[in-house]
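Please have the sequence and the coordinates open while reading.

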Amino acid sequence: MAKADHVRFISTHQPDSAISRYRAVIAGTADLQGKYDASKLLVQIYKERGDLDRATAYADLFIRFSDTLNLGERQRLAATVGNKYQYHTNKTREEQTRQKAAFYRQLTLAVAAAATFVILVLVLLMLHRRNKRLQEVIASTNALISANRQVEKLKEEVRMRESEFTNLK
């Protein structure tokens, strides 16, 4: 806005109108950017006219507006940096949480696999011992059956001999 007015006023050789307009912008409630532009253009006009005192006064205003705008920019930059820091902090925390969850998931799977392996080994050991006992029982039963058969044979033999003995008598 101010630059277009400056070009119009200067091209039509109305520097006093430009000065009046820019002073009104600085005195008014215009936005800071407008005041910044107006003070800058007043410095140029007064410098071209050779009025260095007024050029210096408006240069001081220009510097103040520049500092204020720069402070606002710094605040925005600080907010941006703060937001980026918070984003990265949150992202780091989230990544750590994911890593912990993955670690605990893997730990759970490892413990479950180890427990399953231990249970399987115990079951196999128990079945092996049971099988061994059953084989011992079967062997004992077979030995008992064999002994009973021999006893029966011996009894039969004793009967036969008794019967022979009786016949011989």
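The count comes to four salt bridges, a salt bridge being a side-chain nitrogen of Lys or Arg within 4 Å of a carboxyl oxygen of Asp or Glu. The model is predicted: local features need pLDDT of at least 70, side-chain atom pairs count only at pLDDT 80 or more, and totals for chains, interfaces and linings use all residues. Residues are numbered from 1 along each chain as its sequence is written, and side-chain values use heavy atoms, with hydrogens and water left out.

**Salt bridges**

- Arg 54 pairs with Asp 51, and their closest N and O atoms are 3.8 Å apart.
- Arg 159 and Glu 156 form a salt bridge at 3.0 Å, N to O.
- These two residues, Arg 159 and Glu 156, are three residues apart in helix 4 (residues 52–168), a separation of about one helical turn. Helices (H or I, at least four residues) are DSSP runs, numbered from the N terminus.
- Glu 157 and Arg 161 form a salt bridge at 3.7 Å, N to O.

**Accessibility of the paired residues**

- Buried means under 20% relative accessible area, exposed over 50%, and partly exposed in between (1.4 Å probe, protein chains only).
- Arg 54 is partly exposed at 41%, and Asp 51 is partly exposed at 26%.
- Glu 157 is partly exposed, with a relative accessible area of 38%, whereas Arg 161 counts as exposed at 54%.

**Ser 39**

- Ser 39 sits in helix 3 (residues 32–49).
- The relative accessible area of Ser 39 is 0%, so this residue counts as buried.
- With neighbours within four places in sequence left aside, Ser 39 is in contact (heavy atoms within 4.5 Å) with Ile 26, Tyr 58, Leu 61, Phe 62 and Phe 65.

**Confidence**

- The mean pLDDT (the predictor's confidence in each residue, from 0 to 100) of the protein chain is 84.
- In this chain, 89% of the residues reach a pLDDT of 70 or more.
- Confidence is lowest in helix 1 (residues 2–11), where the mean is 52, and highest in helix 4, where the mean is 89.
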